[in-house]
Amino acid sequence: MFQTTQSPRGDSPVAGQSISVIGAGIAGAWQALMLAKAGHAVTLHERSDASMRDATSHWAGGMLAPWCEAEVSEPVVSRLGLRALDLWREELPDTPFNGSLVVAHARDRADFERFAKMTSGHTRLDAAGVAEIEPSLAGRFRDGLFYPGEGHVEPRRVLPQLHARITAAGGIIKYNSEQQPKDLDGLVIDCRGLAARDDASTPKLRGVKGEIIIIETDEVQLSRPIRLMHPRWPLYVIPRADNRFMLGATSIEGEDTGVSVRSALELLGAAYAVHPAFAEARILEFGSGLRPAFPDNLPRIAIDKNTIAVNGLYRHGFLLAPALAELTLAYVQRGEIDNEVMQCK
């Protein structure tokens with residue numbers, strides 16, 4: 001697996017400085033957690049309150065799926081994603097790693113076979129195999145692609161857990177604290193997402209909308225995310241606690257907010273296509289978040305003196321955040337540079 005890492009210094013370039021992290025979403029939370037656990041004095045600033053409803057992470061799917069994402073992602077995403085799985089397991093051992101399942105109806109067989117060819121780490125299941133791991137889908141699909149090493153988290157539950165671990169490690173979290181890097185002393189880790197795109201380091205940052213619907217039913221039980229092949233984009237159904245499910249689409253180019261009628265129909269139709277019992281589910285919530293992305297859809301850690309900007313996580317925020325935090329920590333402590341991800345000015 002290709003990786004170029006060099007150590008231009010033998011020591012920390014920011015030794016002894018206080019560290020401020022801006023943004024308590026998934027990227028900033030992992031940055032603050034890694035640094036605090038390593039013994040650094042860390043303060044995490046978040047412009048919204050502890051509910052995090054204004055954060056992109058609040059509207060995320062929380063899938064940890066590096067093998068599935070390889071269909072449309074560069075190898076660096078797979079490399080960082082695979083490392084991040086280990087970090088999730090180490091920090092939160094209860095993280096569900098039940099795998100993920102890709103299915104398709106007969107009309108979308110070509111998309112299904114293409115997905116199989118472009119990804120690895122899966123086992124092809126026949127109808128009986130699909131029914132064995134997901135009894136609710138018995139008789140629904142003639143086969144499926146099972147990715148046993150993948151996992152998922154529920155963002156609205158896991159973020160508070162990460163925040164609690166930050167404070168337990170000695171970090172400080174300040175909510176309702178909107179900050180700019182230039183206004184803070186010491187080392188600043190900028191994880192503001194789209195709010196940072198006016199800065200010189202992020203001039204081409206754009207928002208990619210992710211739309212979700214949350215429904216509730218006890219008529220269907222699923223143990224893992226289900227991806228359903230679709231002519232325009234894969235749609236997914238993710239099980240959550242209390243008989244709830246999140247319906248989502250991977251990415252929509254556009255920065256408007258809210259869920260359109262067309263998207264709602266497609267998301268709800270996808271749920272019905274996975275299982276007709278979803279037709280009787282209660283709709284609890286519609287929502288969307290704008291995920292920050294650069295033109296190449298790859299993450300970037302930009303180092304400019306005492307500011308480190310971590311941005312461009314695109315639709316891979318929960319997958320990549322732990323690995324990116326580990327790279328930042330390696331730079332802070334030893335001056336290491338990962339040339340695939342990090343840029344120095």
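This section describes aromatic pairs and charges over rings in a predicted model. Local features need pLDDT of at least 70, side-chain atom pairs count only at pLDDT 80 or more, and totals for chains, interfaces and linings use all residues. Residues are numbered from 1 along each chain as its sequence is written, and side-chain values use heavy atoms, with hydrogens and water left out.

The whole structure contains 3 aromatic pairs (rings of Phe, Tyr and Trp, the last by its six-membered ring, with centres within 6.5 Å; planes under 30 degrees apart are stacked, over 60 edge-to-face, the rest tilted). In one of these, the ring centres of phenylalanine 115 and tyrosine 147 are 6.3 Å apart and the planes stand at 90°, so the pair is edge-to-face. Phenylalanine 115 belongs to helix H4 (residues 109-118) and tyrosine 147 to strand S7 (residues 143-147), 32 residues apart (helices, H or I of at least four residues, and strands, E of at least two, are DSSP runs numbered from the N terminus). Phenylalanine 115 is buried, at a relative accessible area of 0%, and tyrosine 147 is buried, also at 0% (buried is under 20% relative accessible area, exposed over 50%, partly exposed in between, with a 1.4 Å probe and protein chains only).

Phenylalanine 245 and phenylalanine 278 also form an edge-to-face pair, at 5.1 Å centre to centre and 80° between the planes. Both phenylalanine 245 and phenylalanine 278 are buried.

Arginine 89 lies over the face of phenylalanine 97, 3.9 Å from the ring centre (the criterion is NZ of Lys or CZ of Arg within 6 Å of the ring centre and within 35 degrees of the ring normal). Arginine 300 lies over the face of phenylalanine 294, at 3.8 Å from the ring centre.
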